[in-house]
Amino acid sequence: MKQSAGILLYKFVDKTIFFLLVHPGGPFWKNKDLESWSIPKGEFTREEDPLDAAKREFEEETGFEVEGDFIALESVKLKSGKTIFAWAVEFDLDVTLVKSNDFEMEWPPKSGKLQSFPEVDRAEWFQTEHALKKINPAQADFIVQIISKISSSL
């Protein structure tokens with residue numbers, strides 16, 4: 001069974017909460033926007049600690065090491081059967097400095113040519129309403145969960 005681990009960053013600007021989401025790179029995602037953004041995440045093995053994997057994947061996809069008081073969120077299961085484990089943490093970063101690692105794929109299809117693309121082509125901060133429209137619907141629950149966990153402090 002496949003599993004991924006990721007981190008949902010949030011920050012407050014004048015008592016308004018914002019969430020960091022990343023847009024997947026590569027030709028399949030080029031013209032997709034609504035419901036296509038994600039938390040920075042990636043697959044990990046059973047031998048690896050899920051939070052360590054989430055931190056590693058975050059750094060691979062953004063170029064930033066993240067630290068702070070990580071809040072465990074309930075995992076979500078995708079239609080594919082994959083489980084995503086996630087943590088939220090309050091942390092600010094400049095999205096203009098986000099730099100992702102690359103992946104290779106055959107492009108155009110059946111061309112025999114390998115091309116490199118960034119795993120993440122951009123990152124942005126979104127207020128709750130916009131974040132819920134942008135994020136992959138299966139991951140929207142992470143935003144709902146962290147809002148309920150921190151709403152007492154708002």
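Predicted model: local features only at pLDDT ≥ 70, side-chain atom pairs only at ≥ 80, totals over all residues.
Which residue's side chain does Arg-56 meet in a salt bridge?

1. Residues are numbered from 1 along each chain as its sequence is written, and side-chain values use heavy atoms, with hydrogens and water left out.

2. The partner of Arg-56 is Glu-57, at 2.8 Å from N to O, where a salt bridge is a side-chain nitrogen of Lys or Arg within 4 Å of a carboxyl oxygen of Asp or Glu. Arg-56 is partly exposed, with a relative accessible area of 28%, while Glu-57 counts as buried at 7%; buried here means under 20% relative accessible area, exposed over 50%, and partly exposed in between, for a 1.4 Å probe and protein chains only. Both residues belong to a network of salt bridges that links Glu-48, Arg-56, Glu-57 and Glu-60.

3. By the salt-bridge rule the count comes to 10. One of them joins Lys-82 to Glu-43, with the closest N and O atoms 3.0 Å apart. Lys-82 lies in the loop between strand 5 (76–77) and strand 6 (83–90) and Glu-43 in strand 3, so the pair ties together parts that are 39 residues apart in sequence; helices (H or I, at least four residues) and strands (E, at least two) are DSSP runs, numbered from the N terminus. Lys-82 is buried, at 17% relative accessible area, and Glu-43 is partly exposed, at 40%.

4. Glu-124 and Arg-122 also meet through their side chains in a salt bridge, at 4.0 Å from N to O. Glu-124 is partly exposed at 31% relative accessibility, and Arg-122 is partly exposed at 32%.

5. The largest pocket holds about 460 Å³ of space, a pocket being an open set of points on a 1 Å grid over the protein atoms alone, where a 1.4 Å probe fits, with protein on both sides within 12 Å along at least five of seven lines, and lining residues having an atom within 4 Å of a point. Of its 22 lining residues, Pro-24, Trp-29, Ser-38, Lys-41 and Glu-61 are the closest to the centre. Strand 2 (16–24), strand 3 (41–43) and helix 1 (50–62) are the elements that give two or more residues to this lining.

How values were computed. Points joined across faces, edges and corners; volume = space filled by probe spheres on them.
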